[in-house]
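Reader: Could you walk me through this one? I have a few questions about it.

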Number of protein chains: 2
Amino acid sequence: MRATIIHKPGDIRIEDVPEPKILRPTDAIIRTAATCVCGSDLWDYRGINPVDEPHPMGHEYVGVVEEVGGEVTSVKPGQFVVGSFATSDNTCPNCRNGYQSSCVHREFMSTCQAEYIRVPTADGTLVATPDQPADDLIPSLLTLSDVMGTGWYAAVAAEVQPGSTVVVVGDGAVGLSGVIAAKELGAERVIAMSRHASRQKLATEFGATDIVTERGDEGIARVKELTGGIGADSVLECVGTQESMLQALRSTRPGGNVGFVGVPHGVAIDGQELFFSHVGLRGGPAPVRRFLPDLIDRVLDGRIDPGKVFDLTLPLDEVAEGYRAMDERRAIKALLRP
Amino acid sequence: MRATIIHKPGDIRIEDVPEPKILRPTDAIIRTAATCVCGSDLWDYRGINPVDEPHPMGHEYVGVVEEVGGEVTSVKPGQFVVGSFATSDNTCPNCRNGYQSSCVHREFMSTCQAEYIRVPTADGTLVATPDQPADDLIPSLLTLSDVMGTGWYAAVAAEVQPGSTVVVVGDGAVGLSGVIAAKELGAERVIAMSRHASRQKLATEFGATDIVTERGDEGIARVKELTGGIGADSVLECVGTQESMLQALRSTRPGGNVGFVGVPHGVAIDGQELFFSHVGLRGGPAPVRRFLPDLIDRVLDGRIDPGKVFDLTLPLDEVAEGYRAMDERRAIKALLRP
């Protein structure tokens, strides 16, 4: 089958590799309906994460179950499924506490930009849709496997409530999904920090009430101006740099909360500043599995349309162009069809 | 009047100074019934905080209102009052959000180891008891102005719930008060980390179900052993060092919470470790004022007796011995009677 392999930073190739097989009785094999390139894939592509040897890429996926292992009971061949980028048995204590991305059997998916995918602990990782979804819903369903699930978690971790004032730091696909999540959770005001016209437009379409183009101290001052001088109730940090983390922490009111979902790269938080800020902080790889049933319903009901974050659709064979377009910021997010 | 002045690290003196006066119409003057030495006073005493010039000490107090400014309406001369170590107007947005220790008019009290005390924004800072309390309740009421209020906030920030498993890092007066708070908030299991026999005993009396004497990696391993391998739901960090913060973060289960109330000294939190831990973190100077009415009731009803943390009572004139005894760990906490 065809699969995406990174050879070194900037060098993405589509290659023929053996099809995955059931390795454990809890595995499923799915035929990919759609996959995509994640902002976090760019850490490898840009050489910020080391690429020591060629390896497959991709952790976002929807598809049709092709085959299941002998112990799989909750999904069956022929069903359309959405799965999390992190596998989970959905029965261990961490899963039962709602943190399936800290499952004691967690694996991070990493071979999904391909025609077929092996999914471990399929019963606890995959959620089937009631029927085969209409083709135009596939992009939105695909976002649930990571970016929309992650934006949702950011809003939940930041404790967005009905009536909240929310700031979203980061205007990538996760940040834009965070705007949707904040709106759906009842935020009265959603301030998107963005300086790109196309992303500002999408943020507004998704429910942002204000756009802040300033960054750093000026961005913080602007948020304070918009929030009666004290800062926002909830801030979603969707980037993962020291600058974005400080932007988030310093834009939050005392007693407010930051949900941080950008994988931190070089981030250190000063204990004394955090202390005197009174800000609550929770982050992590999103426990997407917790939110999947609800988010699938919202997509199928037409309440949310996060698939709009895909502004580039390519055949899987052109995956390298997807990475390039995202790296050069010509595209927010590239969807791939095998 | 007599007041406590620090001249340099290790040099605490009782001196004659002018009595405080009403400076603003929102001030009150109180005659001190009892005050005490705080663990955080030792930062100055030990020279960890610089002492550039002689200055008064003390931020914990209960007493009787002597005089009020023209705009004070909620307390009146003759009433017995408990106040927070941080002043608050109790009307600004931060106060209304329950973070009175981030009041826009906040001042930190700093002259309380004295016969008389000026309290700014008295209406929003002080809470009167219904009557003059019995003398044996005064130590417990005094703890509410800081340590018990701070231990309570640690438990609230760590989101202790009925049935929770809680770890308390730090066996000083705040940590011991945190044990009381965890118990009162319904924790099923309270694991106190302590290696001092007298503090272990008090922790157990206050409701601790387990004592862990190990520290560092061994302490974390022991907590994991006691919590089914995953860590505690809630951890109260009541020290403020890098070691204690790591102890707290690494003893918490994924999705659990750390409430940190030890003023951080040299603490830096690695963003990536915090991210992958899924731990929620909130700290800060406790918004004691939020909890005062409830905690006063609990003391007057005899439900809690946090005054037991005072294992040394001295006349104010012997304040220097109070500092020495706490510095040398001969006493948990020293109460001073003017």
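Reader: Which strands of chain B does helix α12 lie across, and at about what angle to β2(B) does it run?

Author: This is a predicted model, in which local features need pLDDT of at least 70 and side-chain atom pairs count only at pLDDT 80 or more, while totals for chains, interfaces and linings use all residues. Residues are numbered from 1 along each chain as its sequence is written, chains are lettered from A and ligands numbered from 1 in the order in which they are written, and side-chain values use heavy atoms, with hydrogens and water left out. Helix α12 (residues 319–327) of chain B lies across β1 and β2 of that chain, and runs at about 160° to β2(B). Axes here are lines fitted to C-alpha atoms, for helices over the stretch in contact, and angles run from 0 to 180 degrees between N-to-C directions. Helices (H or I, at least four residues) and strands (E, at least two) are DSSP runs, numbered from the N terminus.

Reader: And what sheet do those strands belong to, in which order?

Author: An open sheet of 3 strands in chain B, ordered β2-β1-β4 with antiparallel pairing, where two strands pair if DSSP finds at least two bridges between them. Its edge strands are β2 (11–16) and β4 (55–56), each of which pairs on one side only.

Reader: How many bridges join β1 to β2(B)?

Author: There are 6 bridges between strand β1 (residues 2–8) of chain B and the antiparallel β2(B), and B:Ile5 stands opposite B:Arg13 in β2(B).

Reader: Switching topic, where is B:Ser164, and is it buried or exposed?

Author: B:Ser164 is in the loop between α5 (147–157) and β9 (165–169) of chain B. B:Ser164 counts as buried because its relative accessibility is 6%; buried means under 20% relative accessible area, exposed over 50%, and partly exposed in between (1.4 Å probe, protein chains only).

Reader: What does its side chain reach?

Author: The side chain of B:Ser164 reaches the backbone nitrogen of B:Gln161 at 2.8 Å. Leaving aside neighbours within four places in sequence, B:Ser164 is in contact (heavy atoms within 4.5 Å) with residues including B:Glu159, B:Arg189 and B:Asp233.

Reader: What about A:Ile30, buried or exposed?

Author: A:Ile30, in strand β3 (residues 28–36) of chain A, is buried, with a relative accessible area of 0%. A:Ile30 and A:Pro77 are 47 residues apart in sequence, yet 8.5 Å apart in space, C-alpha to C-alpha.

Note on methods
A polar contact is a pair of N or O atoms within 3.5 Å; within protein, one must be able to donate a hydrogen and the other to accept it, and residues adjacent in sequence count only if both atoms are side-chain atoms.
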